[in-house]
Amino acid sequence: MHVFYTPDIQKCNELPEEEAAHAVRVLRLQAGDEVTLTDGNGNFYRAEISTATNKRCFVNIVETLPQPALWNAHLHIAMAPTKNMDRTEWFAEKATEIGFDELTFLNCRFSERKVIKTERISKILVSAIKQSLKARLPKLNEMTDFNKFITQPFEGQKFIAHCYEGEKPLLKDILHKGEDALVLIGPEGDFSEEEVKTALANGYIPISLGRSRLRTETAALVACHILNLQNQ
């Protein structure tokens, strides 16, 4: 099945330039061929190519196919990006395949990466929803200062995963099914003690992701998987 990301398909029946190039030049699709589109907002479309030129591809919508929600809450991961961007990109791809709703990058005291370009991450998210046949594209936010982020309102469960001593129940044991959830994941050097105290003061609950010591991207993926499974 050929799936193409067409966010403006309800307004325009032309595939975006990059998607058109893939359809026409790589896959050699022609007028009359059937394709599947997604707008990233919860809909698939069965469509037929009407015109295919060297650089442009137009389609006619045959059928709109809304995709039912695949999980029962808004799932948000906020993480400090890794120094090695390959690891952050790996997380973005795999988390999208599993299923979540929103990703925010955090600028923490011990962050090894203070600047991140979200354009490539956005492309990875698009590729992953097409590969995993999901009709909803996760929301991607720009890097945000930790202290600013944790003071923003969030109507739901708020958790912070850190490595300091103290009572930290397993995320899977305290997560409420069907309720929006947000998990904070720190950098390789962990959150600072002051950041943890500030998060707790703002209503975040400390949690454990298991007995193993995890890298940032692994911890974020484990959190995503728990959130998703508990909301099936």
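Trainee: Quick one to start: is Phe146 buried or exposed?

Mentor: Phe146 counts as buried, at 1% relative accessibility. Buried means under 20% relative accessible area, exposed means over 50%, and partly exposed is in between, using a 1.4 Å probe and protein chains only.

Trainee: What kind of model is this?

Mentor: It's a predicted model: local features need pLDDT of at least 70, side-chain atom pairs count only at pLDDT 80 or more, and totals for chains, interfaces and linings use all residues. Residues are numbered from 1 along each chain as its sequence is written, and side-chain values use heavy atoms, with hydrogens and water left out.

Trainee: OK, how many aromatic pairs are there?

Mentor: The count comes to two aromatic pairs. The rule pairs rings of Phe, Tyr and Trp (its six-membered ring) if their centres lie within 6.5 Å; planes under 30 degrees apart are stacked, over 60 edge-to-face, and the rest tilted. Phe91 and Phe100 have ring centres 6.3 Å apart and planes at 55 degrees, so that pair is tilted.

Trainee: And how buried are those two?

Mentor: Phe91 is buried at 0% relative accessible area, and Phe100 is buried at 3%.

Trainee: Which residues make the other pair?

Mentor: Phe146 and Phe191, also tilted, with 5.3 Å centre to centre and 45 degrees between the planes. The pair links distant parts of the chain, 45 residues apart: Phe146 is in helix α4 (residues 146-149), and Phe191 is in the loop between β10 (181-185) and α6 (193-201). Helices (H or I, at least four residues) and strands (E, at least two) are DSSP runs, numbered from the N terminus. Phe191 is buried too, at 0%.

Trainee: New topic: where's Asp101?

Mentor: Asp101 sits in the loop between α2 (85-98) and β6 (102-107).

Trainee: What does the Asp101 side chain join up with in a polar contact?

Mentor: The side chain of Trp71, at 2.8 Å. A polar contact is a pair of N or O atoms within 3.5 Å; within protein, one must be able to donate a hydrogen and the other to accept it, and residues adjacent in sequence count only if both atoms are side-chain atoms.

Trainee: Last one: where's Glu48?

Mentor: Glu48 is in strand β3 (residues 43-52), and it's partly exposed at 38% relative accessible area.
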